[in-house]
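Could you take a look at this one with me?

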Amino acid sequence: MAVYQVLVVDDSAFMRKIVSDLIEADSEFKVTATASNGKEAIQKAIDLKPDVITMDVEMPEMNGLDALKSIMKQSFVPVIMLSGINEQGMKETIMALEAGAFDFIRKPSIVHDQDIAQVGKALVERMRAAMDEIKRKADREASMKKRDEAQSKLLQQSQRVQVDPPPLQDRKGALKKKIEPAQPGARFGSGQTDSLRAKPKQPTVPLTKQNTGHLDKKLEPLRDSNRASNASTDRIAKANKPTQSPKENRLSSRLAEQETAAASAEPSKDIAKVIPSHKGAGGPEGSFNKLVAIGCSTGGPRALKTLLEQLPGDLPAPVIIVQHMPPNFTRSLAQRLNTFSELHVVEAEEGMVLRKGTAYIAPGGFHVKVNKTADGRFTIKLTEEEPVNGHRPSVDTMFESLLPYTSLQRHLVLLTGMGSDGARMMKKLYEAGVTSTFAENEETCVVYGMPRSAVELQCVRHLLPLQEIAPKLVQAVK
């Protein structure tokens, strides 16, 4: 059994001891070193190259967020943040997840043994998931490299065939000449074909499906791969393209569009839609017939940021989001996402009336359901029923609440996350006729768990890289 080396970072010697004991209770992991602040953590990460790091958020000299950013620049190593429950700690934890932290857990309470045990179980679970993902990605890269090498070899062979096509030869290598029998009465120089003369050598015929069908079949996978490679290159270029600063630049761009439209001879019919009267403007409460439902877990905060900042403020549907998180952290997540998105992002509360152009984050510790009132409005319903798939909130619970509302155009999305939460009910909705289903593909997932489960159930209509989900979703909704 592999033993993974762990670096434990915390400014409290007592907490370093507790965390180290929790980790080494599992034989797969060994604490190879500890650090008491961010600067020390950076140096030990460089010197020791641990397999995984646990990082306290709040520390003197250099906090966990700054240390994480520096470590991410040096090399990729999964970092699990340990956060307190004070407001500053929660905000910095959300920012750490955006910056590349694999996941986080709450710090254990030193006065409750049961709480310490639960935190230890959660910590080891996340470390094991991180190691599994590293192995999975390494295996995938090795498989892709092997495939690319095979395709390159096939390409080289095909190029040799096209450059130097073999002449028609007999077994002894002598060139065959086909001479037609002489035609009776044929004369030389009469303008007729000289049947006594050997036919001139025909020009080389390019390789085609007719004369090289077997080669064309061999090359077809290569062409598909090249097309996929080009598409992947385009996605990477889009992902690496510098993003404009948040809302000010987008608003300026829309103002420019408005001025151009106003100056044209024929005013745009959609000019009123260019700039909403206020963020998340959605008209009268409940006046919509479309709804977007999103589920995610490990890696979710970063994925949600990427997704939501691409959605327009005039999206004609409310957005319900379940992100696996403990209580209080979801409020910080909603506040943080609200600064990036043109949508109005809030933590969901009991009885809230759903409005288009608004995103609702399920609060930690509560299941969220969509409820329809007697007067036909859709509202938020929160419950403290038992966890589903080990989670409360649960994506399956939220998706299940949408089953009765066939009058709504329901658009379902599953992003990165451990486990299979959401897949089962996405399948039920799909069987009920909801075919607008999206999942993040393996290429961009931090953990390809929840999306893969849905793919295996054959209920995903659009399997896409994270950066391509929002444009396709907007197209489907609008």
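Here are my points, starting with how the model was made and handled.

1. Ground rules. This is a predicted model, where local features need pLDDT of at least 70 and side-chain atom pairs count only at pLDDT 80 or more, while totals for chains, interfaces and linings use all residues. Residues are numbered from 1 along each chain as its sequence is written, and side-chain values use heavy atoms, with hydrogens and water left out.

2. The overall picture. You'll find 14 helices and 14 strands in the protein; helices (H or I, at least four residues) and strands (E, at least two) are DSSP runs, numbered from the N terminus. Of the 478 residues, 43% are buried, meaning under 20% relative accessible area with a 1.4 Å probe, protein chains only. Among contacts (heavy atoms within 4.5 Å) with a separation of 6 or more, 70% come from residues 24 or more positions apart.

3. S6 (residues 290-296) and S7 (residues 319-323) run parallel and are joined by 5 bridges. Gly-295 has Val-322 in S7 as its bridge partner.

4. Angles run from 0 to 180 degrees between N-to-C directions, and axes are lines fitted to C-alpha atoms, for helices over the stretch in contact.

5. Which residues of H9 are buried? They are Gly-300, Pro-301, Ala-303, Leu-304, Leu-307 and Leu-308. These residues lie on the same side of H9, because they cover an arc of only 160 degrees around the axis; the arc is that of the directions from the helix axis to the C-beta atoms.

6. A helix pair. H3 (residues 64-74) and H4 (residues 87-99) pack at about 5 degrees, their axes 10 Å apart. That makes H3 roughly parallel to H4 (angles under 35 degrees count as such). Leu-65, Leu-68, Lys-69 and Met-72 in H3 meet Glu-92, Met-95, Ala-96 and Ala-99 in H4.

Conventions
Parallel < 35°, antiparallel > 145°, perpendicular 65-115°, else oblique. Pairing = 2+ DSSP bridges. Buried < 20%, exposed > 50% of the residue type's maximum accessible area, 1.4 Å probe, protein only.
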